[in-house]
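Let's take a friendly walk through a protein model together. Have a look at the picture first, and then we will visit some of its parts.

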Amino acid sequence: MIRRRAFLSWLPLALASPRLLAAETRVRFGMTPAFLHDQHGLLADWRQYMEKRIGRRVEFVQRDSYRETMDLLRLEKIDFAWICDYPYVHLRKVVRLLAVPIYGGKPHYQAYLIVPASDVHTAELRQLKGRVFAYADPYSNTGYLAPRFQLKQQAEDPAQFFGKTFFTYSHRKLIDAVASGLAHGASVDSYVWDTLNRLKPEVTRRTRIVERSPAYGFPPLVAHRSVGQPLFLEMQQMLLSMKNDPEGQALLARLNLDGFGIEQDALYDPVAEMMRAFGEV
Amino acid sequence: MMRAIFNLSFRYKMPLWGSFLIVTTAIIISATLLFRAYADLKVDLLRNAASQGNTLAISLFKALLHDDVWRAYEIITAPFHGATPEFPVQAETLLVVNRTRHVYVSTRPEEIPMLTPLARIAPDYALLEASWNLRDGHTRVIEPEGAGRIFVVTPIVEESAEVGTLIQVFSKSVLIPRFLESADRAAMMAGLVLTILLPINWYWGRRTAEPLATVADSMESLARGEPQPLPAHVYAYHDEVGRLFESYNRTAEQLRAKASLEQEVLRSERLAAIGRLAAGIAHEVNNPLAGMLTAIDTLKQRADLDPKVLKTVGLVERGLNQIADAVRALLVEAKVQSRSLAPEDVSDVQTLLHAQIARKGLVFEWRVNMASQVSLPASLFRQVLINLVLNAIQAAPEGGHAGVVVSVFPDRLTLDVRNEGPPLSDELLQHLFEPFMTTRESGHGLGLWVTYQIVRQLGGHIRAENEDAAVRFFVQLPLENAA
């Protein structure tokens, strides 16, 4: 289904004139269904900010699953994207690191293992054996790869361990699934959980954090390798300097980020290691 | 108890019975309407639920086919945002079960978690499972016996590929608040109708019962022998009750006439007996009296009588004469040959009594309807007229009203004498015409006795009665030439 939907969604783009797509004046920026996905007002403001700074038209392209954004990158339908660390490792050959968000002073985030607040017993992932477990997206690190890797480390078969699993295709909805009791547990992006905790504590209050994973490299902003160096640098500079002007600071505050930085590719090696455990790299 | 109710007066029984009927009718109609409203409510609910079920099932098909739990959850929770005017009754729960009837997803995951076998959710659900019967792909309402819930079950099917079943669960109690709402309205309407009808019923019941009760009371007075006529205004209609009134009044009138006739007969018999007694005594007295008076007369013819003796004889003679006068007065002799009564006779009496009337300052009205001679003995009639008018003058208060009406008809003459004096007591009326009956210090009380005797001897009637503020003597004398 995902594949078909993805195909249908880029079909109109593919049919459009190649001349238009290649127009240098326009920058296409892909957004994965991270926490920002539902905050259309914030995205619109950020887009305007970018346009003002780089003097080009910026187009945000949103898709409902990570996979769709990945496809758009592979097919060179977008120039830049904010993607999860796990897809980044997948797409290392196609994209290069543009900037990494700084969160809590570090370019890191974690996975939180959450359970419904009514569940006062569960103390670790292993105790959820046979229960209903919700995943975020098949290409999410904290919402899919990390918990499965953890099980594998404990010599469990992630495919058999839970009684039932399902995907919500968004961390925000993952929290809802656990809060409502539909899922007995989920591994959620710490950045999403913390931000929601700030904005809507009545939702996060209905969940309880059981485990915190080691730190992973924060989902990066990437550029397609086909993007020319001047535009790449222009974009990078724009992101890095956001923290230096009031408008950028206001946007960062709404994004719940400290700013953007340049990090080494090695930041994402732990993800590659986990992928290796599943034979993916 | 029942007997006590049936013994109640119609005054209460009729309105009570009417009220009972009205209240019963109101209750039955309200209950019927309510029952109907409840049924309609349920039909509405289930129709809405079925239509919602069909809509949801279409979206759910894809979610189930792709095992997209979260999407299925979003679909079934979407309609769960409180009651709307189009869908006033909310389902308690929506849940989707898979083909093996395990919970795929439910709107209340905490109580009804995924993978729970349908029958293990709650006893009601076990009953649902037991009565599971979905042969075709249509929405079905399952209301298991003994369950507190109604299930609207929609198969999630596309082109005969069934992937699961949507179950909308309604608590039977969700209908109750809505039902109470209609019940409130019905009660208000019933109350309104009752507040209008009950007073009307009470008024009509009383109106119908009142005359009946009056007749019943009057019938009792009839049995006691004191028939009282019913006032005409109590019931002026000619239905059964009206006829009862009329026939009662007729009977009462007849009984009264009979009773008064009996009294009249008694009185005249008594008077006749007195008359006979008086006549007998008079005869017994008269013979020796005549002898004694003759003897005294003879004695007085003698010249050698001592003046003392003469004085004594005179004394005896005067006494005997007084006895003779009294006896003569008692012994009314009507068989006196007299000329016929003429209008002048009445005028004479008028003239004769004028002074007395004037002395008392009375307003005395004479109405004489007599054109010519009438075949009645003039002297006797004059005596009757004088007696009655004198009586009226004496009875009337100073400056009061009195009057006499003399009317001549072909077959009779009537004499009607009234005065404004105090009414006569019943006791007095009983013995009015007996000799020596008088209410006054003066007078010997023979006036009415004599009048009565004359009237009777002339073949007529006399009666006295209290009428309004007057006392009335009414005399009727038959005229010979009428025959």
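## A strand with two partners

Start in chain B, where Pro155(B) has Thr165(B) of strand β5 as its bridge partner. Keep in mind that this is a predicted model. Thr165(B) is also the bridge partner of Val97(B).

Strand β4 (residues 149-158) of chain B runs antiparallel to β5(B), and 10 bridges join them. Strand β1 (residues 93-98) of chain B pairs with β5(B) in the antiparallel sense too, over 6 bridges.

How much of β5(B) is buried? In this strand (residues 161-171), 8 of the 11 residues are buried, so β5(B) is largely enclosed by the rest of the structure.

## Chain B as a whole

Stepping back, chain B has 11 helices and 12 strands. It is 483 residues long, and 24% of these residues count as buried. Take the contacts in chain B between residues at least 6 apart in sequence: 63% of them join residues at least 24 apart.

## Two helices side by side

Two packed helices are described by the angle between their axes and the distance between the axes. For helix α5 (residues 175-223) and helix α6 (residues 240-301) of chain B, the angle is about 20 degrees and the axes are 11 Å apart. Angles under 35 degrees count as roughly parallel, and α5(B) and α6(B) are therefore roughly parallel to each other. The crossing of α5(B) past α6(B) is left-handed.

Which residues make the contact? From α5(B) come Pro211(B), Leu212(B), Val215(B), Ser218(B) and Leu222(B). The α6(B) side includes Phe245(B), Tyr248(B) and Leu255(B). Sorted by type, the residues of this contact are 10 nonpolar, 2 polar and no charged.

## A sheet in chain A

Now move to chain A, which has an open sheet of 6 strands in the order β2-β1-β3-β12-β4-β13, with mixed pairing. At the edges stand β2 (57-62) and β13 (259-261) of chain A; each has a single partner strand, so one side of each is left without a neighbour in the sheet. On average, neighbouring strands of the sheet are turned by 25 degrees against each other, direction ignored.

Inside the sheet, β4 (residues 95-102) and β12 (residues 221-224) of chain A pair in the antiparallel sense over 4 bridges. One of the pairings to look for is Ala99(A), whose bridge partner in β12(A) is Leu221(A). Helix α11 (residues 229-240) of chain A packs on the sheet and touches β3, β4, β12 and β13 of chain A, with a direction about 10 degrees from that of β4(A). Helix α3 (residues 40-54) of chain A lies across β1 and β2 of chain A, at about 150 degrees to β2(A).

## A covered helix

Is helix α4 (residues 66-74) of chain A mostly covered or mostly uncovered? This helix is mostly covered, with 7 of its 9 residues buried. Among the buried residues are Tyr66(A), Met70(A) and Leu73(A), along with Glu68(A) and Asp71(A). After α4(A) comes Glu76(A), which has a positive phi near 60 degrees.

## Where the chains meet

Finally, look at the two chains together: 11 residues of chain B are in contact with 13 residues of chain A. On the chain B side, helix α3 (residues 69-77) gives the largest share, 3 residues. This side of chain B divides into 8 nonpolar, 1 polar and 2 charged residues.

Note on methods
Residues numbered from 1 in each chain as written. Chains lettered and ligands numbered in written order. Predicted model: local features only at pLDDT ≥ 70, side-chain atom pairs only at ≥ 80, totals over all residues. Axes fitted to C-alpha atoms, helices over the stretch in contact; angles between N-to-C directions. Helix = DSSP H or I, 4+ residues; strand = E, 2+ residues; numbered from the N terminus. Parallel < 35°, antiparallel > 145°, perpendicular 65-115°, else oblique. Left-handed = near helix turned anticlockwise from the far one by under 90°. Contact = placed C-beta atoms within 7 Å. Nonpolar A, V, L, I, M, F, W, Y, C, P; charged D, E, K, R; others polar. Buried ≥ 20, exposed ≤ 12 C-beta atoms within 10 Å, placed from the backbone. Pairing = 2+ DSSP bridges.
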